[in-house]
Amino acid sequence: MPVKRLWFYLLTLFILAACGGDDDNTSSSSNGGGTTTPPVAQTHTLVGKIIAASNTATDSDVNDVNALNNPNNDFNSAQPIPNPVILGGYVNRPGAGNTGSSRNTGDIDDYFLVSLKRGQIINLFVANDDLAVNDLDLGLLDSAGNILNASVGEGATESITVPSDGSYFIQVHAHLGASNYVLNIGQALQQTSLSNTPRLSDNIVVGDVLIEFKQNDAQTYQAQNALSSLGLSSQHVNTNRRSRYQFDVENTLSAQQFSRPNACLNTDFGATEIPNELKGKFTTLMLAKCLNRRDDIEAATANHIWSAQATPNDSFYRYQWNYQMLNLPQAWDTTVGSSSVIVAVIDTGVLLRHPDLQGKFAQGYDFISDTSISIDGDGIDSNPDDPGDQSVGGSSFHGTHVAGVIGALTNNNEGIAGTSWNTKIMPLRVLGRNGNGSDYSVEQAIRYAIGIDNDSGSVPGRTAHIINLSLGGPSISSRFQAVIQQARNAGVFIVAAAGNDNARTPYYPASLPGVISVSAVDMNRRKASYSNYNEFVDIAAPGGDNTPDLNGDGVPDGIISTIGDDSTGRIKFEYYSLVGTSMATPHVAGVISLMKAANPDLTPENVDDLISSGAITTDIGTEGRDSSFGYGLLDANRAVLAAAQFGRDDANVQADPVLVVTPQSLNFGSSTSTATLTLSNGGNGTLQILDITDDASGYVTVNGFGLGDYQVRVNRSGLESGTYSATIQIRSNINTINVPVIWQVNNDDPSTQVGDAGHHYILLIDTASQETIKQISASALDGIYDFRFTNVLTGTYQVVAGTDANNNNVICEPGEACGAYLTLSRPSNINIDNSYSGVDFSTGFNVNFSAQSVGGSTGKAQGYQLLPDDLKQVAH
């Protein structure tokens, strides 16, 4: 690690790594008579553009009264969409949902026309949190409108796998209530669909329902009588376990008879007719769905003839492209970490009850002493649980996201995998309301983590080995360096985010001596657009980019991890994609925990030497050290092997050579022509590329040599409209890797070749007050939303934009598009003292992968409130 210059400042405010800024500037003047007169207010213009990726689409008939409304309610009006796609939409039953375009008449169905490939996965994510009365289903129909499959569960996710190549209709159906939704179509990456919801394609016993009663004698008796009166019978009833009930599908009663009043009134499937040969199966699935809504029944399911195929242990590991980039799977062959290694996460606290973090915690503490920002109602205490930071737009649960990247539960059939499977997390809360905290609180948390005197008056039973600081600011108090050195002297590694201002200026504490400063790269191993770059950067790791979907998996290319959602006033445990150096930093902290597991004697000085020698990185920028990537991109496999051998003359830990290719798949969409594949050696020893072939009949070319970057180009000339796929096969002397490629040709409707994330409202927010000062709206033109704010007073601002599909005057809610300058997770401050241009950022639909909901009330809803109509600025 290079020797770093120490810059001292008096400002003690620390904020999340995606933020930073100053207070608004005010001034006054005095005339010759000594009378103070207010200055003439200077105003400025702020100009920018918002970019929607080409694979982004919006439902053409949402509930927003200001959005264009082109109904897509049946086959004849089906909306063409690209493939792959991330699409946001809204459906509702008549009379359900907010007042708006479709409240009275209803928008029961959205139909989409798309060319699909065999094995692709269609996912529907239901945004409304109250699933008991807001239930959406997903249908797949052939080009003639015949239904092929339907996913009809009651949960937040519906999923269907495409059976063969062809043109299809996709149907989103409002079974109950109203909801925003996100529909995505992704490549098949040797993965099963996300959910195990009931589907029309399931092989079930028609007329059979398996029922488990609530363990309450009165309720059980009530349910049994109801089932008997409805014609359901069972030969073997045991109220302590599931029992098999049968009914006559030819004499089906109405759905209302099987359910609570008004809870499940609809057994149709919108405009789609169920053929006679499938009516029995469909009725059975609908009966189970309706019985599930009874208060006296614990669960009702169809009786499957064959059990569902096994899904990967961690449901969303398929979206963790970042681990492949770091060669983590190869590192796990050496070690998956040790529970004796502890990483302190000094942040907003951590959701201690998140299901994918259970059993992962070491003793922690809350060091927020200022009750004006603590939110939990008191000063420092022993509870580091995150109550939410009540930031504008919704609580970030930033520390929970960081903790998941480091050490989420792995192989638990849920959620994501952690960088280190067994590492313990020490949650230390220092950031409160709006993600703010002081460097004094951070200092006390570091002192606690390393087991020395601190304001809590206590020390943990087991101290931390690594400290993760995904936070910072442009200034720091002069004595903060002392605690960094104390941690180093105790053998503790300190890893910090380089900052998200796309600036060369120092960012603290990352720029202090003794701290490993981490910058961020995107999926193409390029510097992320937001990442800071300076002489203090030591190493790079994946931070992601939420704009594109380069690998075509159907979700943005951010970093998915554990998180919370308090949009309903209660915390729901979820998984969500964020971007930033805050997300890159825990990758490094997690890999160092693997290194410490492989070699418990490893010291911070040892890791400094390994970084600066290039022993644990891949050089991806200017040869040697550079400001964007430091000494290069972290290589987890090389890091673990180097740690295992460090200082051990008798150690001979070697990894066999293995070909690694990133990304694992390529998505060209309808407009992109070139992409980059990177070939690397994930181990040691000789690796040779023998040949590269494809089955694209000349429409795909691959250019490159040996290990390194290859340019892949798609030629659409002469191809008819449709979706095309191919496989690039890369054969080495060790192993062979197949890379799926997908692209689309649309000669008939050029509108599907550019992105459209729906009608956007763009807000100018005063940083100090967090109030919206101005608001304009815009629609996309060729995938771009141009905007201009005029008459802007001198000050410090943030810019946020999003859609309001459900017309409740709040943007950026689940299922709605959202973006902010420079990153959405923590918008950057813009200091305006003159006209300002180049405020460019991306927008799109992200996905909240649901875990489970419970938790205390936060009192804070997610999203940004729109201004009243009389305060709206005319759109530009």
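Predicted model: local features only at pLDDT ≥ 70, side-chain atom pairs only at ≥ 80, totals over all residues.
The buried residues of α6 include H398 and H401, along with G399, G404 and G407.

Of the 876 residues in the chain, 58% are buried. When contacts between residues at least 6 apart in sequence are considered, 75% of them join residues that are at least 24 apart.

A further case of helix packing is provided by α7 and α8. Two packed helices are described by the angle between their axes and the distance between the axes. For helix α7 (residues 439-450) and helix α8 (residues 480-489), the axes come within 10 Å and cross at roughly 15°. Angles under 35 degrees count as roughly parallel, and α7 and α8 are therefore roughly parallel to each other. The crossing in which α7 passes α8 is left-handed. On the α7 side the contact is made by D439, V442, E443, I446, R447 and I450, which meet F480, V483, I484, Q486 and A487 of α8. Sorted by class, the residues in this contact of α7 with α8 are seven nonpolar, one polar and three charged.

Charged side chains also pair elsewhere in the model, and the structure holds 16 salt bridges. In one of them, D135 is paired with K289, and the closest N and O atoms are 2.6 Å apart. Because D135 lies in strand β10 (residues 135-142) and K289 in helix α2 (residues 276-291), this pair ties together parts that are 154 residues apart in sequence. Both partners, D135 and K289, are buried. A second salt bridge links R526 with D522, with 3.8 Å between the closest N and O atoms. In this pair R526 is partly exposed, at a relative accessible area of 47%, whereas D522 is buried, at a relative accessible area of 9%. Salt bridges that share partners, moreover, join D135, D137, K289 and R293 into one network.

N747 is placed in the loop between β38 (736-745) and β39 (760-766). Although N747 and S721 are 26 residues apart in sequence, their C-alpha atoms are 5.5 Å apart in space. With its neighbours within four places in sequence left aside, N747 is in contact with L719, E720 and S721. K774, by comparison, lies in strand β40 (residues 772-778) and is buried, with a relative accessible area of 18%. The C-alpha atoms of K774 and N791 are separated by 9.7 Å, and these residues are 17 apart along the chain.

A cis peptide bond joins N83 and P84, with omega at about -5°, and P84 is found in the loop between β6 (79-80) and β7 (85-92). The peptide bond from Y508 to P509 is also cis, with omega near 15°; P509 lies in the loop between β24 (493-497) and β25 (516-521). Positive phi values in residues other than glycine are found at N411, where phi is near 60°, and at R525, where phi is about 65°. N411 lies in the loop between α6 and β20 (424-429) and, at 41% relative accessibility, counts as partly exposed. R525 is placed in the loop between β25 and β26 (539-542), and at 16% relative accessibility R525 counts as buried.

Key. Residues numbered from 1 in each chain as written. Heavy atoms only, no water. Axes fitted to C-alpha atoms, helices over the stretch in contact; angles between N-to-C directions. Helix = DSSP H or I, 4+ residues; strand = E, 2+ residues; numbered from the N terminus. Parallel < 35°, antiparallel > 145°, perpendicular 65-115°, else oblique. Left-handed = near helix turned anticlockwise from the far one by under 90°. Contact = heavy atoms within 4.5 Å. Nonpolar A, V, L, I, M, F, W, Y, C, P; charged D, E, K, R; others polar. Salt bridge = Lys/Arg side-chain N within 4 Å of Asp/Glu carboxyl O. Buried < 20%, exposed > 50% of the residue type's maximum accessible area, 1.4 Å probe, protein only.
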